[in-house]
Amino acid sequence: MYRQIGILTGGGDAPGLNAAIRAVVRTATGEFGMSCIGIEDSFEGILGDTHTRTLTTRSVSGILPRGGTILGTRNRGSFVKMVDGKTTFPEVPIGEALANLDILGIEALVAIGGEGTLAIADQFYKRGFPVIGVPKTIDNDLAATELTFGFMTAIDIATEALDRLHTTAASHDRVMVLEVMGRHTGWIALHAGLAGSADVILIPEIPFSFEAIARKVAAREKTGSKFTNIVVAEGAAEIGKGEMYQDTAEMRLGGIGEHVRRCVEEMTGKESRCVVLGHLQRGGSPNAFDRMLGTNFGACAVRALASGETGKMVALQAGVIISVPLSEACTQIKKVPVDGQLVRTARDIGISFAAPTEAKHGEEGLHISHETHHRAVS
């Protein structure tokens, strides 16, 4: 049994992080008699002059409904470098961190984060240090778990934004474009688009054409609907083109929403507006589901450590929390199946994905060709 464990949060913040921290501390101290040390600013907090704090049930009291993370987080740092386009893990910072963990008396780590954070945690495990991972990403793109906390809250926020845009779009007969997060996957755009009654959903998995969007806008005009709502994931791309970046040096995505607005306005003559939700999706209080899932993950992570499991990540599968190897958890991104149930449902109710070869049934795309399907998933 470990006497003292460390807790850190890494990557972008997400609603539910504090719920997970609270559950780790309460389970470790109350159920297993362990002490808890919070590591501040992700793995960077165990380099140089370390930044840590003792966590007790009292110090985590009241943080369940709070957004962000009381430990701070970083989505860039010293532990990952790109060399010739490949991800590498330098030995020097990892060795220094392991030495500092020994000095601090931390015998095991609970690392809460997405694929980047968990990949670093796996490097600690491969060097013999006990680690358990907790999945966190609002994009819901970790393949080993059905859901990650933060995702449901992000959907709620995006859906509310679409609801509000719907009324102003209808009042002014406009095309409204809502840009949401989703670098490699369109889970937020797809779920929010369905829940918020979008007319067009643009996701990274299905390359789109502006001609198909214009057809959809025209078809709505013919049926008396003088407005159109479009939701676009930040990583969506026009057929034959790549993602749009607002900062190529740091590979920071941005600009697709405004690009869609401008092109649609030029092609249709319709007054158009763009809203970028950005970090509004990350901030604020987690909803009830994300509080519950974060709590469940945190408690199960400590239970796994106490039972001798290490080098694993807790995951939700078929409604049950299990553990999977960290090496497997980080290797694959979970993409939206382009012929899956949610995409079919969206098409069934008249939502277009603006695929360039969508059939013009009723001037609205209802199917995707095998050729486009192959491009979207390759």
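Between which helix and which strand does the loop holding Arg174 lie? Arg174 lies in the loop between helix H4 (151-172) and strand E8 (175-180). Helices (H or I, at least four residues) and strands (E, at least two) are DSSP runs, numbered from the N terminus.

The model is predicted; local features need pLDDT of at least 70, side-chain atom pairs count only at pLDDT 80 or more, and totals for chains, interfaces and linings use all residues. Residues are numbered from 1 along each chain as its sequence is written, and side-chain values use heavy atoms, with hydrogens and water left out.

Arg174 is buried, with a relative accessible area of 14%. Buried means under 20% relative accessible area, exposed over 50%, and partly exposed in between (1.4 Å probe, protein chains only). The side chain of Arg174 makes a polar contact with that of Glu271, at 3.3 Å. A polar contact is a pair of N or O atoms within 3.5 Å; within protein, one must be able to donate a hydrogen and the other to accept it, and residues adjacent in sequence count only if both atoms are side-chain atoms. Residues up to four places away in sequence aside, Arg174 touches Thr168, Ala169, Lys226, Phe227, Thr228, Glu271 and Arg273. Contact means heavy atoms within 4.5 Å.

Glu238 sits in the loop between strand E10 (228-233) and strand E11 (245-247). Beyond residues up to four places away in sequence, Glu238 touches Phe208, Phe210 and His259.

Seven strands form an open sheet of mixed pairing, in the order E3-E2-E1-E6-E7-E14-E15. Two strands pair if DSSP finds at least two bridges between them. Strands E3 (52-55) and E15 (320-325) stand at the edges with a single partner strand each, so one side of each has no neighbour in the sheet. Within the sheet, E1 (residues 4-9) and E6 (residues 108-113) run parallel and are joined by five bridges. Thr9 has Ile112 in E6 as its bridge partner.

The largest nonpolar core has 67 residues. Such a core is a set of buried Ala, Val, Leu, Ile, Met, Phe, Trp, Tyr and Cys residues joined through side-chain atoms within 4.5 Å. Ile5, Ile7, Ile21, Val110, Ile112 and Ile201 have the most contacts inside the largest core. H4 gives the most to this core, with eight residues. A second, separate core of 28 residues includes Ile39, Ala144, Ala315 and Cys330.
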